[in-house]
Amino acid sequence: MKIKAIKVSYNDSEYFLASFRAKELFPLTAVTRAEESPEDGYQRILGNGRVKKIAQYLNEGKVIPGSLILSSTQEQVTYDETTNELTLDTSPASLLVIDGQHRLYGAYQAESDIYLPVCIFFGLDKPTEVQYFLDVNGFQMGVPKTLRLELEKFSAEEDSEEFVLKKLFDAVDSDVKSPLSGKMARTKSTSGKISHVAFQSAIKPLLTKTPLNTYNKLEERQKLIINFLIGLESVLVDIFGDNKKISNAAFFQAIFAAFTDISHVTYLNHTNYKISSFEDTLQ
């Protein structure tokens, strides 16, 4: 079998870049998993849920451009530098998957025959394959959850739950009257600041409860939360002499777990949600 490929040489390493249709590539590949083959396997167990998500992602017309890393069992490389054609063995399991098994399985299960970019090595021994696997996966850094939530601003539909939570987060961070102004962590968890993760954990369950669900306008919800925070800050300063607890993630989530009850008592006693009314209840 001949395919078009680009030869890449760097120091003593050599590999080939090409593309394959997933349904054509899949029968040629093999995955040696540590759980199934303790003596020579090094891959992780296949996550079927992850595979289904990738297949669905591809069915939606999206692409995953990252290359699969493969190791050919061929002893000799046959490459024509004039035509840029690489000759490959087409026998089953002739290409071992070093990295990208979930993308391969997901693309194979997708409705369309997806083209996958591949990087093919030849002549690798087992220790080198394992080292490549460890290097590729060891140096990868997952996107922090709080950064993922911050980036949802680019895709969240207006008036969706994600959109509302992002706007409330922004308001608490940017309103100069807010006790948490400048104390919100947008891209990573930071001690002494409230991250998107902590904020959503605290506020998301409240969006469908009284009093937040009684307001249609985002500005009214923002004002309600900030009034509550100002009243809370005043009480904390009276008790502890400072407001440090208000930007403690665990305390923030705990106090908002009581927000519905606190608001209920406040309205019963004062028929409003003013700062002074919240302060009186919290005292």
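The following exercises, each with a worked solution, go through a predicted model of one protein chain.

In this predicted model, local features need pLDDT of at least 70 and side-chain atom pairs count only at pLDDT 80 or more, while totals for chains, interfaces and linings use all residues. Residues are numbered from 1 along each chain as its sequence is written, and side-chain values use heavy atoms, with hydrogens and water left out.

**Exercise 1. The chain as a whole**

Describe the extent of the chain and state how many of its residues, as a percentage, are buried.

Step one is the radius of gyration, taken over C-alpha atoms: the chain has 28 Å, whereas a compact globule of 283 residues would have a value near 19 Å, by a rule of 2.2 Å times the number of residues to the power 0.38. Step two is the box filled by the C-alpha atoms, which is roughly 85 × 35 × 35 Å along the principal axes.

Step three is burial, where buried means under 20% relative accessible area, exposed means over 50%, and partly exposed lies in between, with a 1.4 Å probe and protein chains only. By this rule, 40% of the 283 residues are buried. Step four turns to contacts, meaning heavy atoms within 4.5 Å: among those between residues at least 6 apart in sequence, 69% join residues at least 24 apart.

**Exercise 2. Strand 5**

Work out which strands pair with strand 5, and in which sense; then say where its side chains point.

On one hand, strand 5 runs parallel to strand 9 (residues 115–122), to which five bridges join it, and Ile69 has Cys119 as its bridge partner there. On the other hand, strand 5 pairs with strand 8 (residues 95–99) in the antiparallel sense over four bridges, with Leu95 as the bridge partner of Ser72.

For the side chains, recall that in a regular strand they alternate between the two faces of the sheet. Leu68, Leu70 and Ser72 point one way and Ile69 and Ser71 the other way, and all are buried. Strand 5 (residues 68–72) is accordingly mostly covered, with five of its five residues buried.

**Exercise 3. Backbone details in loops**

Locate Ala93, Asp159 and Pro211, and describe the backbone feature of each.

Ala93 lies in the loop between strand 7 (85–87) and strand 8, and has a positive phi of about 65° although it is not a glycine; Ala93 is partly exposed, with a relative accessible area of 33%.

Asp159, in the loop between helix 5 (145–151) and helix 6 (161–174), likewise has a positive phi, near 75°, and Asp159 is exposed at a relative accessible area of 64%.

Pro211 is placed in the loop between helix 7 (196–203) and helix 8 (218–240), and the peptide bond from Thr210 to Pro211 is cis, with omega near 10°.

Conventions
Helices (H or I, at least four residues) and strands (E, at least two) are DSSP runs, numbered from the N terminus. Two strands pair if DSSP finds at least two bridges between them.
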